[in-house]
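Hello,

Here is the structure I promised to pass on. My notes follow below it.

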Amino acid sequence: MIEFRDVDYRLNGNNAPSSSAAKSGNSRTHNADGKVILDRLNLQIASGETFVLLGRSGSGKTTALRLVNRLLEPTSGAVLVSQRATTDWDPVALRRGIGYVIQDAGLFPHYTVEQNIAVAPRLENWPEDRIYARIEELLNLVGLQSAEFAARYPRELSGGQRQRVGVARALAADPKILLMDEPFGALDPITRAEIQKEFLALQKRLRKTVVFVTHDTREALYLGNRIGLMEGGRLVNVFTPEQFLHETSGAAAKYLAALQIGEPGSA
Amino acid sequence: MNFFHFIRHNGDQILAATLEHLWLVGASMFIAIVVGVPLGIVVTRKRWLGKPILGTASVAETIPSLALFGFLLPVPWLGARADRLAIFALALYALLPIIRNTVAGISGVDPGVREAALAMGMTQNQILLKVELPLASSYLIAGIRVATVLTIGIATIAAAIGAGGLGEFIFRGLAMVNDQLIFAGALPAAILALLADFLLGRLEHRLRFAT
C-alpha cells in the first residue's frame, strides 16, 4: 500500500512541491540546513496495519510521514502510494485519499466542529444530507455527543476533545490511509491513555493503513502492529512489539532501558 | 452669529461638502482595498516581492500630501480632474496600512492550520479563500480602519487643488481668518473619522472574536 524505495531527503534539495508547503514546513525538518534528513529509506507498509515510526526529535520520522502525502517530495528514490509514485499523483487527489492528524489537531478555528469534519466531504461535493449523516456517525465513533459538540468552536473544546475531532475530520471522507504525527503528544497522560485505547478499538473496526509517528515508546508498543525505529535519518530496524520487547542489545534495548528508568513519565 | 447659527444657515453647504468628502474617501478606499489586498497576498506568496512592494508604499507614505497633490497635477489624464487626482493620491496613502495588515494577517495564520488544509487536499485558492482570508479578516479590517481614518484627515487637504470636500471650509476659513468656517470643515471631518473608527473597530472586534 505504501512503499519507500531508496528514499533520500536532503534539505535545499529543491524538493518542496510548492512554496506554501515549504513555508508551512515543520521546523523539525528545516532546522538542520543542508543536512541529510532521510538516508536511503526502504520500507513497505501493508494495507490495514498500524505502522509506528519511533524515534527521537530530528530522526526523520515526521519527514518520512510528510513524504507520503507529498507535503514533501523525495530528493531521490520514490514513495509509492497504491503502486504509484507520489510525484506521479495529482497532489490534491492523493491527499484527498489520505487522512492527516497532527498534534494540536490543526482544526480550523473559524469553523465549528461539524464544519471542520465536513471539510473533506464538501471538497468531494458530497450531498448535504450525506455529510450530516457522516458527521453524526463520526462524532459517535470518536465518543462525542453530536448534540453537545457539533456546534462548538475548537476553542470551546478540551485538548482531548480537539484531538478526537481531529481524528473524526481525518476519517471524514473515508480515506484508506491515515497519517498521524504525534497526534496525542500534547495530551495529559490520563486523557492520552483513554484516547489511545479508543483509537486501538477504532482501528480494529476500520482497518485503515495507519502510519503513526511518535517518540513515546509505550505508545509505539501499544498501538503498533510493527514499529520502525529511526535514528539520524535511517531506519535502524523494524520490529513487531513482541520482538521489540525482547531486544537485549542495540537501539531498541536503549529505548526499553529509558522506559525503565523514566518510569513515572512515559513521554 | 454663533457657531450653531452658522451651521443652521449653511447646513446644506456643509452637507454637500460632507458628501463630497465621503465620495473622495470612499472611492479612494475602494481602490486601495482592491489594489492593496491582492498586493498583500502576492507578498505572502512571493516573499522576495515584499521589500519592493512595501518599500514603494512606504515611500509614497512619506511624501507630504500637499506636495503629492502638486506633483500629480501635471500628470496627463490624472491631473485633468481634481477629484480624480485626489482619489488617486489618497488611495496611494491608504495602500501601506492595507498591504501591511494583509501580510501580517495571512502570515499570522497558524502553520498547523495551513498544513492541515493542504494535507486535506485543498488547492492554493481554496486555502486562501476558506482559511487564510477568513482568519486574517480582523487584521484586514484593522488595516482598512487605520487607512480610512488617515484618508478622512488627508482628504481635507485635497481642497487645495480644488477637489472639494470639507477641506473647502478649512481653506476658506484660513484665508478669511474665520474660525467658524474652519470649524465647519474640521468638525464634520473629525466626526466622520471617529465614526469610521468606531464602526470599523466594532467589525474588527467581532471578526477577531469569531476566530
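How many residues does the contact take from chain A and from chain B? Chain A gives 27 residues and chain B gives 23, with contact meaning heavy atoms within 4.5 Å.

First, the ground rules. This is a predicted model, where local features need pLDDT of at least 70 and side-chain atom pairs count only at pLDDT 80 or more, while totals for chains, interfaces and linings use all residues. Residues are numbered from 1 along each chain as its sequence is written, chains are lettered from A in the order in which they are written, and side-chain values use heavy atoms, leaving out hydrogens and water.

**The interface**

About 2,200 Å² is buried between chain A and chain B, 62% of it from carbon and sulfur atoms. Buried area is the accessible area (1.4 Å probe) that two parts lose on being put together, summed over both. The rule finds 1 salt bridge across the interface. Arg66(A) pairs with Glu115(B), and their closest N and O atoms are 2.4 Å apart. (A salt bridge is a side-chain nitrogen of Lys or Arg within 4 Å of a carboxyl oxygen of Asp or Glu.)

The largest pocket holds about 350 Å³ of space. Of its 17 lining residues, the closest to the centre are Leu107(A), Pro109(A), Asp110(B), Val113(B) and Leu135(B). A pocket here is an open set of points on a 1 Å grid over the protein atoms alone, where a 1.4 Å probe fits, with protein on both sides within 12 Å along at least five of seven lines; lining residues have an atom within 4 Å of a point.

Best wishes

Terms used:
Grid points are joined across faces, edges and corners, and a volume is the space filled by probe spheres set on the points.
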